[in-house]
Amino acid sequence: MSRLVIVSNRVPVPDKGGIAPAGGLAVALKVALEEHGGIWMGWSGRSSGENEPEPLAQLHQGNITYALTDLTDTDVGEYYHGFANRVLWPICHYRLDLAEYGRKEMAGYFRVNRFFAHRLAPLVRPDDVIWVHDYHLIPLAAELRQMGLKNRIGFFLHIPWPPADVLFTMPVHEEIMRGLSHYDVVGFQTDHDLENFAGCLRREGIGDELGGGRFSAYGRVFKGGIYAIGIETAAFAEFAKKALTNKTVRKARESIEHRSLIIGVDRLDYSKGITQRIDAFERFILANPAQQGRVTYLQITPKSRSEVPEYEAMQRTVAEQAGRVNGALGAVDWVPIRYINRSVGRHILAGLYRLGKVGLVTPLRDGMNLVAKEYVAAQDPDDPGVLVLSRFAGAARDLKGALLVNPYDIEGTANAMARALSMPLEERKDRWKTMMDHLLEHDVSRWCRDFLNDLATSPDPSG
Ligand SMILES: O=P(O)(O)OC[C@H]1O[C@H](O[C@H]2O[C@H](CO)[C@@H](O)[C@H](O)[C@H]2O)[C@H](O)[C@@H](O)[C@@H]1O
Ligand SMILES: O=c1ccn([C@@H]2O[C@H](COP(=O)(O)OP(=O)(O)O)[C@@H](O)[C@H]2O)c(=O)[nH]1
């Protein structure tokens, strides 16, 4: 079997104890690569100041070799905070109003992709299969091809792909589309994303759909496919059961006392709909006074991308909003919202999910959302909680047993919270089983296998 080389911006650096940072990509890829073995190349998360980064650091752990590079301050600013997270991220999440184009940042993005290609190429053997992940690295295949690499190269986009009218507001949309055409397989989370991508090719006559999932554009033929990312379902379910004996989880359970727990877990990101969700919770309590003092809403929200101004501003907004609602609704013996602004380990999260009578996952737009899947996997089959899920999360295409909501509709979301808390046991069990069966069948190993099979059977680019 060919060796697998994974490239992603974010890598769970093993010298931090191998603990994946909060973020679904790192969590999922670690599971996938542990199963397969190979090389994982990416950013170390560190800056070299303005000095040229040292040569790649290689670390071996189990069957994975991590190849990590630092980036200069300028690179981090222009490529990661600048173009990736202030242009591509908002555009792909339909937030044209937040995109901040700058020629310097765009140039930095393409420059860092070239830099990654130059660092990666010497590690690659002719029969390696290369799997590139996410919006940070779209131009990587074009750079590798320019250097003469003829390997099979696949790309998976973890975030949504927007419709043509949204994408084309980005000045370099042509280069981005061209970049994708250099892969042999381009994977998306949902059918909606793939449809949008096909629409972008059609709109300006850039490319054609050839049938059988194949596309032609810019003189190349490649496959476009749907590969909804999953979790290690069976292992996570087991993990959640055991987590109830964890000290922190036990303390949380005792502190909740007789109240019902509603839980939300999201990076602090405007795409996650946290402020709308807090509004909906407030509306739910005001509309259901009997619930006062009888529910606790726990919102776990690690800081994320704090150097980007929109994210920094959100830290204040959400903290103030949670404080205001607590001030307005709380009582001497009841704090309605417990807001935690730091990362919690997944072994604890698993137990907290299991305590949650309601899992609130209400992003305004999300590629997939692994929290939704983890919440379901963590439930007690005999007394499962209810998932309230945004119809705009990729996970909504998979989790048919959830209560689907439109997160912009505050009253609708508030009503769904009330419905979830009063749902009869039989209905909860039925809904949960539909979702759990799906998650067991479509776990992260299946995701990885499906993508790599398609890549292995794609036409050989070396001719
Ligand atoms: O690396 P960061 O800038 O700290 O951000 C964390 C990750 O966020 C995004 O995750 C996405 O991938 C998940 C798994 O496929 C998916 O469930 C979620 O909907 C996406 O938002 C981002 O795409 C990753 O590159 C980041 O590492
Ligand atoms: O305090 C936290 C918050 C989140 N996560 C993990 O981070 C991932 C978040 O992935 P998701 O797909 O929901 O969203 P993303 O952050 O990637 O956009 C999930 O595996 C969570 O378990 C974590 O380990 N600790």
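**Close-up views of a predicted model**

**View 1. Ligand 1 and the residues around it.** In this predicted model, ligand 1 is surrounded by 20 residues, and the closest are R10, Y80, D134, H158 and D366. Domain 1 (2-225) and domain 2 (232-440) each provide at least three residues of the shell around ligand 1.

**View 2. Polar atoms facing the oxygen atoms of ligand 1.** In the side chain of D134, an N or O atom is 2.4 Å from an oxygen atom of ligand 1. The side chain of D366 places a polar atom 2.5 Å from an oxygen atom of ligand 1. For R267, the distance between a polar side-chain atom and an oxygen atom of ligand 1 is 3.3 Å. Of the 560 Å² of accessible area that ligand 1 has on its own, the protein covers 96%.

**View 3. The two domains of the chain.** The domain assignment divides the chain into domain 1 (2-225) and domain 2 (232-440). Between the C-alpha centres of domain 1 and domain 2 the distance is 30 Å.

**View 4. The surroundings of P407.** P407 is found in the loop between β16 (403-405) and α14 (410-421). Its relative accessible area is 3%, so P407 counts as buried, the limit being under 20%. Apart from neighbours within four places in sequence, the residues in contact with P407 are Q276, T362, P363, L364, S390, F392 and T413. Although P407 and G273 are 134 residues apart in sequence, their C-alpha atoms are 7.0 Å apart in space.

View 5. Helix α11 (residues 309-329) contains Q315. Is Q315 buried or exposed? Q315 is buried, because its relative accessible area of 18% falls under the 20% limit. When residues up to four places away in sequence are not counted, Q315 touches L268, K303, S306 and N341. With one of these residues, S306, the side chain of Q315 forms a polar contact of 3.2 Å.

Note on methods:
Residues numbered from 1 in each chain as written. Chains lettered and ligands numbered in written order. Predicted model: local features only at pLDDT ≥ 70, side-chain atom pairs only at ≥ 80, totals over all residues. Heavy atoms only, no water. Near = heavy atom within 4 Å. Polar contact = N/O pair within 3.5 Å; in protein donor to acceptor, adjacent residues only side chain to side chain. Areas by Shrake-Rupley, 256 points an atom, 1.4 Å probe, with all protein chains shown as cover. Domains from an automatic or database assignment. Helix = DSSP H or I, 4+ residues; strand = E, 2+ residues; numbered from the N terminus. Buried < 20%, exposed > 50% of the residue type's maximum accessible area, 1.4 Å probe, protein only. Contact = heavy atoms within 4.5 Å.
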